[in-house]
Amino acid sequence: MKISICNSNEKSSNQPIINQLFNNMKVRSMKKNLISFRILLLFVACTFAFQAFAQDIQISGKVSDAKDGLSLPGATVQVKGTTVGMLTDLDGKYSLKVKPGSVLSFTFIGYDPQEVTITSQKTLDIALQQSSTTLEQVVVIGYGTVKKSDATGSISVTSSKDFNKGAITSPQDLLVGKSAGVVITTAGGAPGAGSTIRIRGGSSLNASNDPLIIVDGVPIDNKGLSGSSNFLNFVNPNDIETFTVLKDASATAIYGSRASNGVILITTKKGQLGGKMKFAYDGNTSIANAIDYTDVYSGDQIRQIAQDLVGINSIDSYAKLGSENTNWQKQIFRTAVSQDHNLSLSGAVKSLPYRVSVGYTDQNGILKNTDMQRTTASLSLTPTMFKNSLKVNFNLKGVNTNQNFGDDGSIESATKMDPSQVIKDGNTSSDGYFQWPNYGANLGTPNPVEQLMAVDNKSNVQRVIGNLQLDYKIPFLPDLHANLNVAGDYANSDGYNNRPVTSPNRLVTPYWGKINNYSSKNTNNLLDFYLNYVKEIGVNKIDLTGGYSWQHFKREGDSRTTGFNGVGHISQVDKSSFITENYLVSFFGRLNYTLLNRYLLTVTLRDDGSSRFAKDNRWGLFPSAAFAWKIKEESFLKNSKVLSDLKLRLGWGVTGQQDITDNDYPAQATYITSSPGNYYIIDGQYIPTLRPSAYDPNIKWEETTTMNIGLDFGFVDNRISGSFDVYKRTTDDLLNTVNVPSGSNFSNTLLTNVGSLENKGAELTLNLVPISKQDVYLSLGFNVGYNVNEITKLNFTDDPNYAIYYGDAFSGQKQITKVGYPARSFFLNQQIYDASGNPIEGLYADLSGKGGSVNGDNADKYIAHNSAPDYLMGLSLRFTYKDFDFSGSTRASIGNYLYNGIGSGASYDQMYTNGYWTNEPTLLSKTNFVKRQQTSDYFLENASFFKLDNLSAGYKFDNIYKKLNARISFTVQNVLTVTKYSGLDPEVNGGIDNSFYPRPRTFMLGVSLSY
Amino acid sequence: MNKIIILGIFLSTLMVSSCVKDLDVTPIDPNKILAGNLNDDPAYMQQALAKVYASFTIAGQGANGGADIAASDDNFFTTTRALWNLQEITTDEAICAWGDVGISDLNTQTWSAQNPFLTALYQRLSLSVTYANEYIRNSAGSSDPKLIRYNAEARYLRALAYAWSMDLFGNPAFTTELDPVGKVFPKQLDPVFTTGRKLLFNYVVSELKDIENKLGEPGSSYPQADQAACWMLLARVYLNAEVYTGTAKFDSCKFYTEKVISSGKYSLATNYRQNFSADNNRPNNPEMIFAFAYDGVNTQGYTGTTFLIESSSDATYIRAEDFHGLTANTNWNGNRSKKQFMYVLLGDTISVYGNNPIPWATDPMFKQSKDTRILCKVKKSVDIPSPSSSGDYGIGVYKFTAKNTNGSQAANYSTAFASTDFPVFRYADALLMRAEAKFRLGDATAVNDVNAVRARAFNNDPAGVITAGQLNANFLLAERGREFYYEAQRRTDLVRFGKFTDGNYFWAWKGGAVNGTNTSKHLNVFPIPSDELSSNPNIIPTPGY
């Protein structure tokens, strides 16, 4: 810490000599940076001793930034231990009357505080040092905060300056590629689409693998809401200040039963105490385009194939072809123009800091007839009351989303639809569209244009989340804080999905046209209360937290479909509804013990109760312990100039999982009524049936034990900093859906605690600042995560052949979960090739040695690869030169495999079936398969990729009008993908590439104004 | 203010105790009923019985609760569909064109214990047993006459599931209402296959005899099981007793068929096709004894008769829109029959077509044949080029229809789902079972029952009448084929006559050879699926697999 004190040359003669002596001594010792603890104590004691004799002096000065010398308006200047103080004015100046010997503290957000003892000086200018970024950062952890340097767990913080740039409407997208070990896969390019987030691989098989997401202290229910495509959609990305990812158990265990898959804490922007009113506008317009289309045959090509294939298809099939060359994919996509506007106002009214923001997004999808309009509003009030004893944190967020989903099934139809046909043939029964049923083929591909444009598939979602957090310093015990957090989360959706009677029946089976209405409602209430006690005794520091948490989730919904049942026949109504709830009650405690500011110990314990389990299994105890050693603080390193930070972290902890995705009552014997259409006739009446549900009265928590070793380091004044972690996570008593013995329960499978799995990995994060000068600044962020997953036990019996297969009977089982392999590994037949390297149709290695046909038999398949990457890397760059700034983010995923489902379904014999023609990808001309080869490893491809996610350039104009600053920026998203994968996009969740809403390339022009 | 905050903290601390009680939840959904509340409402017991029936016919509960069986395709895993597949496409009667994993192995008799269609039926039948066990437990000891009858019906359905399981799998896992539900590991009746199968035979017979008088009078409770359904099932298992136990029981078979016949409640429908039309139910159809009910509006699914109609239809040769009145999601083009079975259908081809090859190009619908049961059409060719070649090859079958017998639209018509019931026991079966029993017992009057069935089939044309001298074992087997083709009986009949796996009878693609080949005798029963073996260490695998 560097302090510069400008003493007045004038020395007051009436000042006691001893005071001067000590003052000089202090100045000298500060200069030498060698002050001893004892002398300081003596000094302080003497200062106090002479205080009585001192008279008030008027002291004034200026607070400025140590780096650039610019004044700091709104900095707090306070006489320590009193309520006397003020804020610096617009020029950073202050003036106070103080008693000599009192201590003045200077604080400003983002800067290291300074304290100066006043002797006789009249002028005291202070240059505050900016907090050395990440190291002195205060990070949010569960139920509290901790200085980043004191953190004992594996925590990664991504703040707004590092977020991905571009037309981003989903909060998750800000974080893509920014945090080691965090894999975020967007569902596709649909407006407002959600994402799958995986931290350090999945720890569960059948329970949820989603991390717990906490927004401003409120754990969010990640259960979907019908009509909503993204459960995080209620947070406007522009309102987010930081993402804090808690990765290892010592960090997450305070969230006990919900923390097995990591925790992401989202903090939104707040008003600053003493900050002047700030107005900001951020707006952008973007243009998005499809990057590429699936390569399928043209009309001319399919007519040629029809002639060549007379042997395979009947001669009459040729007559079914039309004479067009319709590019169906081009017909359903468009150039989409979107816009986004955000307005925020923040500041403080006296001691009431506030921030208000509104946002409006109008996003159009590149698929026609898909769009989203979203309005968000947020309010945050963070006043401090009663002489700083009560800190209030009030947040209210609201969102109203109108979404038009269109029909993304038209994407597959567009690749399958016969390109030789016209879009419209004028047939009135199908509203003028060409439809196969008019030509005798009932199962024919629906006309993609009609499928997309005639559907009326919209929803309206509203969600309000509010929480009030009170942190109260107990008056008679100032080391003790009581913290109460009350939150409510209410979401409501209404939607419909209608089709006209002119739509082909295949889209509305069994109706002729349909009117579908649905609605759902999720309510989530939270009450957290904890006490926090912090005490420093000599070289010991104790930070003790204990509390409890209560959370209630309620979800309900209904759906009703009315369809016309053929001309002249009754209309049919299908309806269903559900309502379900669950509670979580927890007690938790944490001890942070710090010795000599070098040795840090964290112990946490959480006792969680879940209403999902029966009384005897309801409670789970989740402990954790972590130790950190700030090696840099040791005497032998303390003076090292090269090494600026070194900390070793060791952590161990147990977390749980009870987030069973679709059943809140898995331990109870219940019956469920069937919905209409599933009745049976008893005594002459059609009545609903009542089915006993499969249940496990002994079902209990899944438990994940995590061990983590981490090293935080920094070199050359932290111009190079980073951390390295290795971990091992073992999940036992997996909540796993397994086959049960026939006759033992009310289904063929049961969700129960069986099996174990393991994730092992390492993560490296590096932050580099190669250039940091007045006008030029360059920083690079790099992270890499490595993870391997292995199943170690799977079923009741130790049958080594037991496996869980994925895939339907029609297209073959292509994925497997089996002991000794990663979950959902690929499970395929080994293709045999001819001399020129072409796959021989239907010829596979006879791996079982049984001979005969090996087509599709599981015994002849082998296990290889899976869709999770071995390595995932993120590299981002920020560069500023004077008023110009530039940033970019790239990502690389290595070792992730994909099964090309679009290619594997392609065969000549499928091109004409059931009276209609189907298009196929041109890949078919390479394989020349006459029959579909659904389980050939020919279609398993290495889908490793490098993606240039975004590039952004901006220019800042200061004071364009009075104090109005402006910045314009230009951003390109989804710039470049480098991959060997033959399909459209190598980034596919789940491992099987079928048609999905393609991610567009977006060009965005943004304007920011601030005042 | 400080006091208020302290009070607030105090109050919230008090809440802790009540919060812990919040964990005691019970379902709040009115569609969910706690097992303990089942007796609260008499309607519940009716609905629970409906489930035992529905577990044979449809996939599950629909949008509320989904399918009963977790599977890649809910509809594959229904009894009527899986049973049909195992009983038909493994024989001369049918072959399926689809590429689903396991289908080709059924077509060619090369299945293994992993075959998903075997798993489907094994698990389905076991699940029906488990649902029935639960119902029998809950309704036991009631003095309500209705519940006594319902209880007997549940026991009937359990016996039916076991009878099929005994026929197809031989020695399945065995549970009754006395066994617990949970993480338990049931056993077979005996680890030795033949002993277990024999014990299961004895169990089925004793159960049926015990409930005989508790069921409704014949014809009184259609489509719920009644006494005649009970007698028919007894007759069926006695007919096949030698396969199951090694000891023939044709006298008992004869005894129970005669109880059905002498009840006087049943007669042959005038028109053979009525049995496979939307109005095939009692009281419209005097021939139907027991069937699984389907309804276009109330009991829907791509299973049962809808599956039979759609899988047998194609866009080119037999359009479901034209022949069956279904217009939505039609013409799946999968199942059709083979050349060898066409000869069975036509009986003595010489009497029909003279000494000439069948002129299928000019008579694709076999109009020259006087047998009205031949509801078939030759497609692109009579020969099927490969076990999985397109459904456009072979002999199309359009025996089942979604229309009424007279061609009119069904009541509760749906564009996608047939209202046609899936026949389990028809009166014609009572006649042909008695004929076979009599024949085996050396009773020359057997021919009268055969002629009764044939008279209806030939519209009383003398061409249908046969003499006692013409009646032999082969004729009986063929006659059952002609009468019951596509009714999920063929495999059982072929096994009983020793023609399913041995070298006496070949059909296209049997054993994977174009003209058929000898297959191993162990294939006469299907193996216990590997899913069951790996989840239950108590289960002994089927010999030969």
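Me: How are helix α6 and helix α8 of chain B oriented at their crossing: roughly parallel or roughly antiparallel?
Reply: The model is predicted. The axes of α6(B), residues 145-168, and α8(B), residues 227-239, come within 11 Å. They cross at roughly 20°. Angles under 35 degrees count as roughly parallel, so α6(B) to α8(B) is roughly parallel.

Me: Which class of residue makes the contact of α6(B) with α8(B)?
Reply: From α6(B) come Tyr156(B), Ala159(B), Leu160(B), Ala163(B) and Met166(B). From α8(B) come Ala229(B), Cys230(B), Leu233(B) and Val237(B). No polar and no charged residues take part; the contact has 9 nonpolar.

Me: What residues lie nearest the centre of the largest cavity?
Reply: Its lining has 40 residues. They divide into 11 nonpolar, 9 charged and 20 polar. Strands of chain A that give two or more residues include β53 (945-961) and β54 (964-979). Nearest the centre are Ala167(A), Asp173(A), Gln973(A), Pro1000(A) and Thr1002(A).

Me: Which elements give two or more residues to the lining of the second largest cavity?
Reply: This cavity has a volume of about 180 Å³. Its lining counts 16 residues, with Arg258(A) and Asp659(A) among those nearest the centre. By class, there are 5 nonpolar, 4 polar and 7 charged. The elements are β26 (540-564) and β27 (571-595) of chain A.

Key
Residues are numbered from 1 along each chain as its sequence is written. Chains are lettered from A and ligands numbered from 1 in the order in which they are written. This is a predicted model: local features need pLDDT of at least 70, side-chain atom pairs count only at pLDDT 80 or more; totals for chains, interfaces and linings use all residues. Side-chain values use heavy atoms; hydrogens and water are left out. Axes are lines fitted to C-alpha atoms, for helices over the stretch in contact, and angles run from 0 to 180 degrees between N-to-C directions. Helices (H or I, at least four residues) and strands (E, at least two) are DSSP runs, numbered from the N terminus. Angles under 35 degrees count as roughly parallel, over 145 as roughly antiparallel, 65 to 115 as roughly perpendicular and the rest as oblique. Contact means heavy atoms within 4.5 Å. Ala, Val, Leu, Ile, Met, Phe, Trp, Tyr, Cys and Pro count as nonpolar, Asp, Glu, Lys and Arg as charged, and the others, Gly among them, as polar. On a 1 Å grid over the protein atoms alone, a cavity is a set of points where a 1.4 Å probe fits but cannot get out, and a pocket is an open set with protein on both sides within 12 Å along at least five of seven lines; lining residues have an atom within 4 Å of a point. Grid points are joined across faces, edges and corners, and a volume is the space filled by probe spheres set on the points.
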